[in-house]
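Welcome! Please take a look at the model below, and then let us walk through some of its features together.

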Amino acid sequence: MDTVPFWQVDAFTSRVFHGNPAAVCVMDHWLPDDVLQQIAAENNLSETAFLVAKEGGGYDLRWMTPVAEVDLCGHATLASGWVVLNELEPDADHVEFETRSGSLTVAMNADGYVMDFPVRRGEPCDAPPGLEEAIGLPPQEIFETDFNYLVV
């Protein structure tokens, strides 16, 4: 059986038991998707990040909730950056991740961490069915991106 090193990191805080917790699992190769999903379900956090080092530097990164894989997760990316920059590569000042959403970077500076994420521009659109009922008031503006809506 494979051993998977595991960290639970509280992102977006400097205090224990605050912020947004994410699990980070570092592997030397990809396990089958169903095994990754079972690990994420066992962790029972909003997201578990899975990292595999790439030849030449950087990491492939995937995120899973307890029930499904997701395309992008900010707090689990920040947690993954913390693990790499503090535990795996403490001499590095940044790390690059390859994901289903493109290349993401986490860098460390004097003020903390900086994340560079892809810009997802939205197009104005009409409200999808049920949106107004879900948010409880009429939206001022609605933008559709390639995977969700932004509502003002």
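How many salt bridges does a search of the whole structure find? The search finds 4 salt bridges, a salt bridge being a side-chain nitrogen of Lys or Arg within 4 Å of a carboxyl oxygen of Asp or Glu.

Before going further, a word on the model: it is predicted, so local features need pLDDT of at least 70 and side-chain atom pairs count only at pLDDT 80 or more, while totals for chains, interfaces and linings use all residues. Residues are numbered from 1 along each chain as its sequence is written, and side-chain values use heavy atoms, with hydrogens and water left out.

## Salt bridges

| Glu 69 | Arg 62 | 2.8 Å |

Asp 71 lies in the loop between β5 and α2 (74–88), and Arg 100 in the loop between β6 and β7, so their pair ties together parts that are 29 residues apart in sequence. Helices and strands here are DSSP runs numbered from the N terminus, with at least four residues (H or I) for a helix and at least two (E) for a strand. Salt bridges with shared partners join Asp 33, Arg 62, Glu 69, Asp 71 and Arg 100 into one network.

Arg 62 counts as buried, at 16% relative accessibility. Glu 69 is partly exposed with a relative accessible area of 22%, and Asp 71 is partly exposed too, with 33%. Arg 100 is exposed, its relative accessible area being 52%.

## An aromatic pair

A pair of aromatic rings is described by the distance of the centres and the angle of the planes. Rings of Phe, Tyr and Trp (its six-membered ring) pair if their centres lie within 6.5 Å; planes under 30 degrees apart count as stacked, over 60 as edge-to-face and the rest as tilted. By this rule there is 1 aromatic pair. The rings of Tyr 59 and Phe 97 have centres 6.3 Å apart and planes at 45°, so the pair is tilted. Tyr 59 lies in strand β4 and Phe 97 in strand β6, so the pair ties together parts that are 38 residues apart in sequence. Tyr 59 is buried, with a relative accessible area of 6%, and Phe 97 counts as buried at 0% relative accessibility.

## Strands and hairpins

Phe 97 also leads us to the strands, which pair if DSSP finds at least two bridges between them. Phe 97 stands opposite Leu 104 in β7. Strand β6 (residues 94–99) pairs with strand β7 (residues 102–109) in the antiparallel sense over 6 bridges, and a hairpin joins the two through 2 residues.

From β7 the chain continues to strand β8 (residues 112–116) by a hairpin of 2 residues. These strands run antiparallel, joined by 5 bridges, and Met 108 stands opposite Tyr 113 in β8.

Elsewhere, an open sheet of 3 strands has the order β9-β10-β11, with antiparallel pairing. Its edge strands, β9 (123–124) and β11 (149–151), each pair on one side only. Strand β10 (residues 142–144) pairs with β11 over 3 bridges, and the bridge partner of Ile 142 in β11 is Val 151.

## Helix α1

Which residues of helix α1 (residues 33–43) are buried? They are Leu 36, Gln 37, Ala 40 and Asn 43. These residues cover an arc of only 120° around the axis, which puts them on the same side of α1; the arc is that of the directions from the helix axis to the C-beta atoms. On the other side of α1, Gln 38 and Glu 42 are exposed.

What covers the buried residues of α1 includes β1 (6–11), β2 (20–27), β3 (48–53), β4 (59–64) and β5 (69–70), where contact means heavy atoms within 4.5 Å. After α1 comes Asn 44, whose phi is positive, near 55°.

Technical notes:
Buried < 20%, exposed > 50% of the residue type's maximum accessible area, 1.4 Å probe, protein only.
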